[in-house]
Amino acid sequence: MRQALHTMAETLARELGSGMTALYLYGSAAMDDFRPGWSDIDILCLTEEPLSPEAAQPLVTLRQRMVAGMGDLLYRCFEGAITSLPEFLSGQYGRVVYWGTSGERLTDRYDFDAFSRVSLLRYGRLLAGREARGEMPLPSMDELRAAVAGHLSTIRQFAGQTGSSLYSCGWLLDIARCLYTLRTGDILPKTAAGEWALKEGLCPVEDDLRRALAVRREPARYRDDPDTRAWLGGLNPSVQRYADVLEAELTTR
């Protein structure tokens, strides 16, 4: 992955020239929890001035072109945004190049949530450009609680029926992360959060959480395993039971 990061930084710097302010790595890859076959490589690229249409359009397809030109599927794992520092600081966007799981696009919206802000400010790595994080405030505890509440709502809504995707067991790790945030005001990567929750005795479905950690550590081993896929498809009751713990914790913090 080191070579991919170096190449991405060089390519973006070449595309943007003197207009680039900073390129950051954050998320699991910055916290030594990148798992091929599961994880994304989260980046944030900030420019001095808002992107013009002429500058933005080639950046939309840059990730695809790197995959095709280099024959390395790892570049598909890069996700994040290219936007200007003033827009990022204000939260008012005019033009953002967004790379996501579902594709690439130009947009005038970008949700950089409180968890991502903590990850960027405390654990992110500057890959290119100048350091700009001194201009960015850390989220307050109220903002982190609101982010946890929002994630709990998402779990209630979308984890009501789990499928056979490996990501279905990721809900259990997400809940562990939220519990850690409520108790510490900080974040952990998914693997460490699951291990922490087991150590603290916070999970009422420990066997499922241990199995989720095993899948997280070796996604390729379990992706096509019939027993694992059957387990994933029936995981909803365990996810909701663990979400009850998060909801109770949220009401007391």
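Buried means under 20% relative accessible area, exposed means over 50%, and partly exposed lies in between (1.4 Å probe, protein chains only). The legends below describe a predicted model, in which local features need pLDDT of at least 70, side-chain atom pairs count only at pLDDT 80 or more, and totals for chains, interfaces and linings use all residues. Residues are numbered from 1 along each chain as its sequence is written, and side-chain values use heavy atoms, with hydrogens and water left out.

**View 1. A buried salt bridge joins Arg 216 and Asp 33****.** Let us start with a pair of charged side chains. A salt bridge is a side-chain nitrogen of Lys or Arg within 4 Å of a carboxyl oxygen of Asp or Glu, and a search of the whole structure finds 17 of them. In this one, the N to O distance between Arg 216 and Asp 33 is 2.7 Å. Arg 216 belongs to helix 9 (residues 206–217), while Asp 33 sits in the loop between strand 1 (20–26) and strand 2 (41–47), 183 residues apart. Helices (H or I, at least four residues) and strands (E, at least two) are DSSP runs, numbered from the N terminus. Arg 216 counts as buried, at 2% relative accessibility, and Asp 33 counts as buried too, at 3%.

**View 2. Arg 156 and Asp 244 form a salt bridge between two helices****.** Here the closest N and O atoms are 2.7 Å apart. Arg 156 lies in helix 6 (residues 141–158) and Asp 244 in helix 12 (residues 236–252), so this pair ties together parts that are 88 residues apart in sequence. How exposed is Arg 156? At 30% relative accessibility, Arg 156 is partly exposed, and Asp 244 is partly exposed at 44%.

**View 3. Arg 130 meets Glu 135 in a salt bridge****.** The closest N and O atoms of this pair are 3.6 Å apart. Arg 130 counts as partly exposed, with 37% relative accessibility, and Glu 135 is partly exposed as well, with 41%.

**View 4. The largest nonpolar core holds 44 residues****.** A nonpolar core is a set of buried Ala, Val, Leu, Ile, Met, Phe, Trp, Tyr and Cys residues joined through side-chain atoms within 4.5 Å. In soluble globular proteins, nonpolar side chains tend to be buried together. Cys 169, Leu 172, Ile 175, Leu 209, Val 239, Tyr 242 and Leu 246 touch the most other members. Among the helices that each supply at least two residues are helix 7 (170–184) and helix 8 (190–200). Helix 7 gives the most, with nine residues. Beyond its neighbours within four places in sequence, Leu 172 is in contact (heavy atoms within 4.5 Å) with residues including Val 205, Leu 209, Val 239 and Tyr 242. A second, separate core of 29 residues includes Ala 9, Phe 34, Leu 51 and Met 66.

View 5. Strand 1 and strand 2 pair in the antiparallel sense over six bridges, and Leu 25 stands opposite Ile 43 in strand 2.

Definitions and conventions: Pairing = 2+ DSSP bridges.
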